[in-house]
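Keep the structure open beside the text as you read.

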Amino acid sequence: SDTSTAVESGVHAFERLLDDEQQVELAAAYDIVDLLVGLISGRNDQLIEASICALIKLAKDRTPLKSDMVKAGVIDNCLEVLPLASSSLSSSIAELFRILTNSSAIARSSDAAKIIEPLFMVLLRPDFGLWGQHSALQALVNILEKPQSLAALKLTPSQVIEPLISFLESPSQAIQQLGTELLTHLLAQEHFQQDITTKNAIVPLVQLAGIGILNLQQTAIKALEKISASWPKAVADAGGIFELSKVIIQDDPQPPHALWESAAFILSNVLRSNAEYYFKAPIIVLVKMLHSTLESTITVALNALIVHERSDPSSVEQMTEAGAIDALLNLLRSHQCEEASGRLLEALFNNVRIREMKVSKYAIAPLAQYLLDPQTRSESGRLLATLALGDLSQHEGHARASDSVSACRALVSLLEDQPTEDMKMVAICALQNFVMRSRTNRRAVAEAGGILVIQELLLSPNSEVASQAALLIKFLFSNHTLQEYVSNELIRSLTAALERELWSNATINEEVLRTLNVIFANFPKLQISEAATLCIPHLVAALKSGSEGAQESVLDTMCLLKHSWSTMPIEIARSQSMIAAEAIPILQMLMKTCPPSFHERADSLLHCLPGCLTVTIKRGNNLKQAMGATNAFCRLTIGNGPPRQTKVVNHSTTPEWKEGFTWAFDVPPKGQKLHIICKSKNTFGKTTLGRVTIQIDKVVTEGVYSGLFSLNHDSNKDGSSRTLEIEIIWSNRTENDENI
């Protein structure tokens with residue numbers, strides 16, 4: 001019609017008819033779009049608004065009609081009237097844009113890109129109502145959620161973010177939701193995240209994150225996730241640590257996993273920025289964060305918990321009550337953050353109070369599984385897991401638990417894999433605790449091949465490792481549980497360890513000596529073995545060069561062997577005693593220099609070892625005779641043995657012989673005496689100058705007995721003293737010595 005009033009009335013009537021869905025279906029069949037789009041122009045706001053409202057009703061859920069409207073130029077026509085449009089008309093235009101951009105194809109188009117700036121401008125109008133705000137925000141979300149539209153955005157952060165901040169505090173939750181969602185899309189661009197204007201949005205976003213309304217929480221937290229790395233302090237200052245913590249520990253109802261994960265990620269960004277924030281986050285929250293699927297979040301939580309533990313050791317109880325042990329074991333099982341998880345777990349179990357808790361016992365099996373897992377590649381993780389097992393093994397109840405068998409097997413397996421020196425030490429010490437408290441664990445170690453593994457460690461160039469390996473063997477064989485595993489080879493390994501230590505470091509491994517003593521004491525059958533015989537020279541060397549502790553162990557072991565000589569085959573007993581006789585001079589020295597507690601054992605050995613008695617007749621003094629010259633010689637006898645005789649020194653009252661005579665004894669002489677008779681040989685026969693009788697028991701202990709001995713003879717009337725200078729020595733025998 002050419003009459004504007006008629007046109008306006010017709011459009012109003014048509015728009016009213018479209019309230020009926022059946023009428024909409026009928027109207028859609030007519031070519032009405034171009035006509036209505038053409039009416040969106042000029043200054044007749046009522047006609048324009050009625051036309052737009054009709055188009056809105058026609059476009060709902062009809063994508064082809066939406067495309068027709070865009071092709072007809074509806075967006076350009078609306079943008080022409082928008083700057084001067086009333087609030088009501090502006091809202092209708094925004095609603096039409098919302099309906100149109102619900103189509104993904106239109107939202108991505110260049111026509112939709114024209115809408116962005118005008119809509120941001122209209123959002124700044126104070127008279128723009130809630131309905132218009134909602135429509136405009138939704139249209140912008142529809143457009144800017146498309147990456148290509150976002151990349152083409154020409155507006156500065158201040159032009160788009162500043163208007164949105166006010167909507168975050170709107171009385172309408174729907175507008176808060178859309179404002180936050182739109183902000184989230186904008187913050188996908190790095191320059192928006194870092195712009196100072198963005199910082200102003202943090203306070204309302206934090207408030208929305210803690211409001212408890214799920215949709216608002218989700219969008220607000222998603223927005224904070226974009227900017228928390230750029231503005232962590234602002235998030236903390238806005239109370240973000242508290243609000244995010246509420247989300248993380250919320251149980252009823254539990255937040256969706258994606259929301260929880262985002263909240264934990266934001267909090268990790270805040271904590272990462274400043275270690276002081278670690279103490280503002282509750283421990284229970286940090287423990288909950290260990291369940292994140294993001295390694296960065298887990299890493300921050302672990303670091304924070306480790307700092308808590310170092311600053312306040314009592315905090316480990318709170319961690320344990322919050323479920324830290326299970327969380328850390330899960331991280332190890334999944335091979336996430338293995339070093340930090342192992343470090344914190346070891347710190348927990350290093351605390352006596354934590355070891356007393358029942359939950360600690362159930363960590364043994366998972367730790368053993370972690371060590372046995374072929375996917376475990378972290379050396380530091382393995383070391384810390386081993387340390388944690390070592391901590392748990394210190395608790396008697398845990399060491400006796402059924403799961404400790406698996407721990408023993410895992411530790412043996414670890415030692416088989418040629419670990420580092422530190423790991424060897426930790427694993428051996430852990431095994432010591434396990435086997436010391438449980439016969440079952442001893443058998444588990446043996447059945448896992450641990451005996452051979454530990455024997456190899458006895459020869460480690462690291463003396464500390466060798467010592468601890470010897471101690472472990474001592475615990476394993478401290479009773480008869482493993483009697484079928486004791487062998488000559490075990491003695492040989494211990495002997496080789498002694499020898500290696502002595503030659504490489506010139507030191508004596510006391511622990512090896514103590515272990516030998518325990519094994520010989522508990523398994524007497526080994527005392528008659530070839531390995532025991534071959535061990536004796538090394539015991540003698542240890543007696544000579546070792547500390548008091550080493551010497552005491554050697555004395556104990558040699559006394560054990562000595563007591564069995566009377567019951568073992570003669571050849572073996574003789575062989576062992578002959579080798580042990582090398583210790584005679586050392587034992588004699590010990591009698592003079594060592595503590596009284598050594599004396600009884602040393603003396604007992606001295607009086608059962610075969611040795612040699614060497615008597616040296618040095619010279620005579622004042623061997624005068626009443627008649628004739630003195631041609632002196634001496635004759636020596638012990639027991640019923642044949643006499644020995646010195647040469648004759650002619651024409652001297654102070655003869656010098658310097659002759660020695662040696663007797664070999666299988667057993668030191670007890671109660672026997674040395675008889676020496678001094679005579680002078682002349683033409684008329686032999687004249688006795690005197691006799692000396694010496695008790696020789698004393699020399700066995702002292703080693704050397706010497707001095708001037710007076711010759712007793714009844715015919716020495718003038719009272720002058722005739723003496724012999726004699727030296728008597730008891731020492732270890734040689735092959736050439738003659739037996740008595």
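## The largest pocket

The largest pocket is lined by Trp565, Met568, Ile570, Ala573, Arg574, Ser577, Met578, Cys608, Pro610, Asp666 and Val667. A pocket here is an open set of points on a 1 Å grid over the protein atoms alone, with protein on both sides within 12 Å along at least five of seven lines, and a lining residue has an atom within 4 Å of a point. By class, this lining has eight nonpolar, one polar and two charged residues. Ala, Val, Leu, Ile, Met, Phe, Trp, Tyr, Cys and Pro count as nonpolar, Asp, Glu, Lys and Arg as charged, and the others, Gly among them, as polar. The space in the pocket comes to about 230 Å³, where a volume is the space filled by probe spheres set on grid points joined across faces, edges and corners.

## About the model

This is a predicted model, in which local features need pLDDT of at least 70 and side-chain atom pairs count only at pLDDT 80 or more, while totals for chains, interfaces and linings use all residues. Residues are numbered from 1 along each chain as its sequence is written, and side-chain values use heavy atoms, with hydrogens and water left out.

## Domains and distances

Three domains divide the protein chain: domain 1 (282–448), domain 2 (473–607) and domain 3 (611–731). These bounds come from an automatic or database domain assignment. Taken over C-alpha atoms, the centres of domain 1 and domain 3 are 77 Å apart.

Valine 81 belongs to helix H6 (residues 74–81); helices (H or I, at least four residues) and strands (E, at least two) are DSSP runs, numbered from the N terminus. Valine 81 has 11% relative accessibility, so it counts as buried; buried means under 20% relative accessible area, exposed over 50%, and partly exposed in between (1.4 Å probe, protein chains only). Between the C-alpha atoms of valine 81 and phenylalanine 475 there are 95 Å, and 394 residues along the chain. Glycine 239 sits in the loop between helix H19 (232–237) and helix H20 (240–249), and is partly exposed at 27% relative accessibility.

## The largest cavity

How many cavities of 30 Å³ or more does the structure hold? There is one, a cavity being a set of grid points where a 1.4 Å probe fits but cannot get out. The volume of the largest cavity is about 40 Å³.

Around the largest cavity you will find Leu458, Leu459, Ser460, Ala466, Ala497, Arg500, Glu501, Ser504 and Asn505. Helix H37 (residues 488–505) contributes the most to this lining, with five residues. Sorted by class, the lining of the largest cavity has four nonpolar, three polar and two charged residues.

## Aromatic pairs

Across the whole structure, a search finds three aromatic pairs. Rings of Phe, Tyr and Trp (its six-membered ring) pair if their centres lie within 6.5 Å; planes under 30 degrees apart count as stacked, over 60 as edge-to-face and the rest as tilted. One of them joins phenylalanine 665 and tryptophan 730, a tilted pair with 5.7 Å centre to centre and 45° between the planes. This pair links distant parts of the chain, with phenylalanine 665 in strand S4 (residues 656–665) and tryptophan 730 in strand S8 (residues 723–731), 65 residues apart. Both phenylalanine 665 and tryptophan 730 are buried.

Tyrosine 705 and phenylalanine 709 make an edge-to-face pair, because their ring centres are 5.9 Å apart and their planes lie at 85°. Tyrosine 705 is partly exposed at 25% relative accessibility, whereas phenylalanine 709 is buried at 13%.

## Individual residues to look up

Glutamine 551 lies in helix H40 (residues 548–564) and, at 9% relative accessibility, is buried. Its side chain reaches the backbone oxygen of leucine 543 at 3.1 Å.

Is glutamine 418 buried or exposed? Glutamine 418 has a relative accessible area of 62%, so it is exposed. Its place is the loop between helix H32 (404–416) and helix H33 (421–437), and its phi is near 55°, a positive value in a residue other than glycine. Histidine 651, in the loop between strand S3 (644–645) and S4, also has a positive phi near 55°. Histidine 651 is exposed, with a relative accessible area of 65%.

Terms used. Polar contact = N/O pair within 3.5 Å; in protein donor to acceptor, adjacent residues only side chain to side chain.
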